[in-house]
Amino acid sequence: MVPFRHSLIFLATVGLLTACDNSATADDTDQPSAPSNSAEVAPAASSNSADTESAQTTAASEQDEAESTDSGTPFSVSEVTRFEQPWAMTFLPDGRLLVTEMAGNLRLHDLDKDETGSIEGVPDVVHEGQGGLGDVLLHPQYKDNQQIYISYVEAGDGGTGAAVARARLALDDNGGGELEDLEVIWRQTPKVDGDGHFSHRLAFDDEGMLWISSGERQKFDPAQDMDGNLGKMIRLNADGSVPDGNPFTDQGDVAAQVWSLGHRNILGMAFDDEDRLWVAEMGPEGGDELNLIEKGANYGYPIVSNGEHYDGRDIPDHDTRPEFKAPLITWTPVISPAGFIIYDGELFPEWKGSGFIGGLSSKGLVRIEFDGENAREAERYDLDRRVREVEQGPDGAVWVLEDGRRGGDGTLLKLTPKE
């Protein structure tokens, strides 16, 4: 295990934490310590700082815009509806859409009727800074068991932390429903103070394993500490138990959950057609990353990064410490990555196999092309909106949730080919 660097934590000031774009406060809940990616925090001079962008959303004027817009992109953009500070979405088999709102609301939107209902039974949620109700995901056998998974921030001894729960989704005939038999199957350990870098993205692989991104909570050293699960990629069975094959099971306890370590704030996760896991991760001041997750790998944070601390202190680059796994793409200036998909639909055949990362401070989509275990940025599509979440719809359309934490509501957008 790599030695701790407590000096990093000691030197990081409270001011740094609040500066964190993804870190702490309001919006991008992703940048940890002195957050450049911290779109969620109070504006700091950070490139990832979605907060630093004055993103005063002109909700009223947007309401008056035409339903479809054309900004020179290869697709048409339609505004569908709005949600209050949305964070994630997923489609049900019947085509309806589950959407999480950070304050703790789970919404069910019927696209055909243009009606939104509520799902009751969501546990108490701490909604502060980057914290709140987070991801929503269907069990791979949802049609048989109606199970869904949600991530959220909860309070406890020592502060706050992310949790993951599963429950049965019982829908009613009135456009809503409730969560039944809810069970918490995973928690961040330890709980700490602060309100940034929870991460808590969820994904299932082809074998039915549940993957959870766990941010380092803007505390730096925990990303290298195997006594806790902060700053780690977690791999579990669908019921929350530890599966065979995890790399640190011989260490027991919480270390057995861990698949990789040395992460800062992973906000986008996607599996490719070879079941390889790719993640988009917010760096500090500069140095956003696209990483390919490997078993037992250490990605180096906070010992190395291609960014630097928000107070200007240098962090050694990855190439100075080859024992750490280096990112395949880094971004400086940052893009403030959020939701992430790898497209496999038919509606945009030219995009098949491409990745799409939502950009908070970059206000659009970043398209990634893959070549086996290599990747490169191919192009960007400017949407002039802070993109929190990206999903592929049943018909192959690309759906985007605008981040709603800079004033105004978060708009749901549908991207379809131009006629």
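What share of the contacts in the protein with a separation of 6 or more comes from residues 24 or more positions apart? I looked this up and found 58%. A contact here means heavy atoms within 4.5 Å.

**Entry 1: ground rules**

I am working on a predicted model, in which local features need pLDDT of at least 70 and side-chain atom pairs count only at pLDDT 80 or more, while totals for chains, interfaces and linings use all residues. Residues are numbered from 1 along each chain as its sequence is written, and side-chain values use heavy atoms, with hydrogens and water left out.

**Entry 2: overall make-up**

I counted four helices and 25 strands in the protein. Both are DSSP runs numbered from the N terminus: helices are H or I with at least four residues, strands are E with at least two. Of the 419 residues, 61% are buried. Buried means under 20% relative accessible area, exposed means over 50%, and partly exposed lies in between (1.4 Å probe, protein chains only).

**Entry 3: the nonpolar cores**

I next looked for nonpolar cores, which are sets of buried Ala, Val, Leu, Ile, Met, Phe, Trp, Tyr and Cys residues joined through side-chain atoms within 4.5 Å. The largest has 26 residues, and Leu98, Leu106, Ile148, Ile150, Leu169 and Leu179 touch the most other members. At least two residues of this core come from each of E3, strand E5 (105-110), E7, strand E8 (147-156) and E9. Which of these elements gives the most to this core? I found that E9 does, with four residues.

I then listed the neighbours of leucine 98, leaving out residues up to four places away in sequence. Among them are Ala88, Met89, Leu106, Ile119, Val136, Ile148 and Leu169. A second, separate core has 21 residues, including Val126, Ile212, Met226 and Val258.

**Entry 4: aspartate 110**

Aspartate 110 is in strand E5. Is aspartate 110 buried or exposed? Aspartate 110 counts as buried because its relative accessibility is 16%.

**Entry 5: salt bridges**

My search of the whole structure gave 24 salt bridges. A salt bridge is a side-chain nitrogen of Lys or Arg within 4 Å of a carboxyl oxygen of Asp or Glu.

Glutamate 180 and arginine 168 meet through their side chains at 2.7 Å, N to O. Glutamate 180 is in strand E10 (residues 177-187) and arginine 168 in strand E9 (residues 159-171), twelve residues apart. Glutamate 180 is partly exposed at 27% relative accessibility, and arginine 168 is partly exposed at 34%.

Arginine 367 and glutamate 379 also form a salt bridge, at 2.7 Å, N to O. The pair ties together parts twelve residues apart in sequence, because arginine 367 lies in strand E21 and glutamate 379 in strand E22 (residues 374-382). Arginine 367 is buried, with a relative accessible area of 8%, whereas glutamate 379 is partly exposed at 30%. Arg367 and Glu379 are linked with Glu369 and Arg376 in a network of salt bridges.

In the pair of aspartate 403 and arginine 388, the closest N and O atoms are 3.3 Å apart. Aspartate 403 lies in the loop between strand E24 (398-402) and strand E25 (410-417) and arginine 388 in strand E23, so the pair ties together parts 15 residues apart in sequence. Both aspartate 403 and arginine 388 are buried.

On a 1 Å grid over the protein atoms alone, a cavity is a set of points where a 1.4 Å probe fits but cannot get out; a pocket is an open set with protein on both sides within 12 Å along at least five of seven lines; and lining residues have an atom within 4 Å of a point. Grid points are joined across faces, edges and corners, and a volume is the space filled by probe spheres set on the points.

The largest pocket has a volume of about 1200 Å³. Its lining has 40 residues, with Phe204, Phe271, Ile341, Ile342 and Glu391 nearest the centre. Elements giving two or more residues to this lining include strand E3 (86-91), strand E7 (133-138) and strand E11 (199-204). By class, I noted 19 nonpolar, eight polar and 13 charged residues in the lining of the largest pocket. Ala, Val, Leu, Ile, Met, Phe, Trp, Tyr, Cys and Pro count as nonpolar, Asp, Glu, Lys and Arg as charged, and the others, Gly among them, as polar.

I found one cavity of 30 Å³ or more. The largest cavity has a volume of about 70 Å³.
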